[in-house]
Amino acid sequence: MSNILWNYEGKVVVITGAATGIGKGTALAFARAGADVCVCDFNEEDGKKTVEECSALGTHAAFYKVDVRNDEMILTAKEAILEEFGTVDILFSNAGISSKVMGPPLDAIPDSDWENTFEINTHGMIRVSRAFIPIMKEKRSGKIIFTSSIAMNQPMPATMPYGMSKIATSHFAQGLAQEMGPFNVNVNVICPGYVYTNIYADGTALKFKEKFGGALAQFETGEQIIRALASQSALKRPQTPQDIANAVLFLASDEASEITGQILNVDSGIIFRF
């Protein structure tokens, strides 16, 4: 838990991919800070658990079933959110997946894997943004944060669909920052490092072991593999959902009012760029 005492009372936050992992951690962080939280996810069971945990912290929280591949579901959720909460102040567009099939070779990765990865990681964020930015434009204020990944700066044949989808997400965010600037809306990107979430727990971490072998061969669990990969960083440690939430709450704050169009790596020092 963060020691920083953020105050988001009176703010309404929409978070996609909020049922588990980074999205859930950020929902709870905003709830602790007093915000009203709209939990959007296709995973209804875990999404409602997130709402229960947020509500237990004394905030107003509600679940909305959303598949970011489906415009109708997004727009239905938007209308329900406006009816229940009246407005949206902060959008954390976080829903994402890993590609299911790893290369190389390139021809081992089917078109369906490319399409589904981009459909959720990139097109999903475009759809969610398209739905909610009119609210912010009308009131001439708001904060938008996207989840990308350090993978955008780590090109490798094993994870090309995922990495490319995250590059596209970041490019979109920087273009949107320029569009939203005249409306006093900040748009930024968080690139998490190695955070042991469902994306890795579903077997992706073990696929790294299978593909790369070497030092990873000694590890038995996905969590051990993620820790080993994170040990390549300057601080030699993985991140937690709370670490990412801390960065999101900062970028959504008044203290970050002059920061827009930026890409923030939260990775214990793996990616270094001038």
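In the largest nonpolar core, which has 43 residues, V14, Y64, I81, F132, I144, F146 and V187 touch the most other members. Such a core is a set of buried Ala, Val, Leu, Ile, Met, Phe, Trp, Tyr and Cys residues joined through side-chain atoms within 4.5 Å, with buried taken as under 20% relative accessible area (1.4 Å probe, protein chains only). Helix α5 (residues 123-139) gives this core its largest share, seven residues. A second, separate core holds 32 residues, including I22, V37, F92 and A247.

This is a predicted model: local features need pLDDT of at least 70, side-chain atom pairs count only at pLDDT 80 or more, and totals for chains, interfaces and linings use all residues. Residues are numbered from 1 along each chain as its sequence is written, and side-chain values use heavy atoms, leaving out hydrogens and water.

As for F146, its contacts (heavy atoms within 4.5 Å) include F92, M125, F172, L176 and V187, not counting residues up to four places away in sequence.

Then there's the sheet: seven strands, open, with parallel pairing in the order β3-β2-β1-β4-β5-β6-β7. Strands here are DSSP E runs of at least two residues, helices H or I runs of at least four, both numbered from the N terminus; two strands pair if DSSP finds at least two bridges between them. At the edges sit β3 (61-65) and β7 (263-266), each pairing on one side only. Strand β2 (residues 36-41) runs parallel to β3 and is joined to it by five bridges; within this pair, C40 has Y64 of β3 as its bridge partner.

Notes
Buried means under 20% relative accessible area, exposed over 50%, partly exposed in between (1.4 Å probe, protein chains only).
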